[in-house]
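Subject: Structure handover

Hello,

Please find the structure below, followed by notes on what was found in it.

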Amino acid sequence: MDSIIAAGLCFFFGAVFVYVGYWLRRRSYATASWIPVPAIIVESTILSDDGSYVPCVRYKYVIDTLTYESRCVSLLQAGSSFPHVAQAVVRRYPSSSQVVAYVNPLDHAMAVLQPGRQLFAPMLFFGVGFVLVALGVSQ
């Protein structure tokens, strides 16, 4: 009985992970068709907390005569335990520089600096999900 419950939980959580991976993949691909607009970097720093380094790039852009502000470099942005990863992002987007932001045509408050497909996070979710599903099926 306990093995049936464990198998069911593995299968369930595996399916959830696979779905999240699929959703993240679709969402990151959608940014490739967002509207390119000029933007200016307002702030570019690194936030550090408990060994995690997160690039914080704040930028402003104007669309339809309204000014928006965002901090989203990419849709699947995350911190890293390696400071050089965050430093590379901050170096790419120095304060006061002009860049191109890609704005969601359905929600102009949502923008990214790096559009297009991003594979690491979706593949991580897919991989963990498939392992959990396989464990659930094999029990």
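This is a predicted model: local features need pLDDT of at least 70, side-chain atom pairs count only at pLDDT 80 or more; totals for chains, interfaces and linings use all residues.

**Surface and fold**

Residues are numbered from 1 along each chain as its sequence is written, and side-chain values use heavy atoms, with hydrogens and water left out.

The protein chain has three helices and five strands, where helices (H or I, at least four residues) and strands (E, at least two) are DSSP runs numbered from the N terminus. Their order from the N terminus is α-β-β-β-α-β-β-α. Of the 139 residues, 34% are buried; buried means under 20% relative accessible area, exposed means over 50%, and partly exposed lies in between (1.4 Å probe, protein chains only). Among contacts (heavy atoms within 4.5 Å) with a separation of 6 or more, 68% are between residues 24 or more positions apart.

**Salt bridges**

There are two salt bridges, defined as a side-chain nitrogen of Lys or Arg within 4 Å of a carboxyl oxygen of Asp or Glu. In general, side chains of opposite charge can pair when their charged atoms come close.

R58 is buried, at 18% relative accessible area, whereas E43 is partly exposed, at 28%.

R58 also forms a salt bridge with E69, and here the closest N and O atoms are 3.3 Å apart. Again the pair links distant parts of the chain, with E69 in strand β3 (residues 66–70) and R58 in strand β2, 11 residues apart. E69 is partly exposed, with a relative accessible area of 38%. Through shared partners, the salt bridges join E43, R58 and E69 into one network.

**Cysteines**

How many disulfides does the structure hold? The count is zero, a disulfide being a pair of cysteine sulfur atoms within 2.5 Å. C56 is buried, with a relative accessible area of 10%, and C72 is partly exposed, with 24%.

Regards
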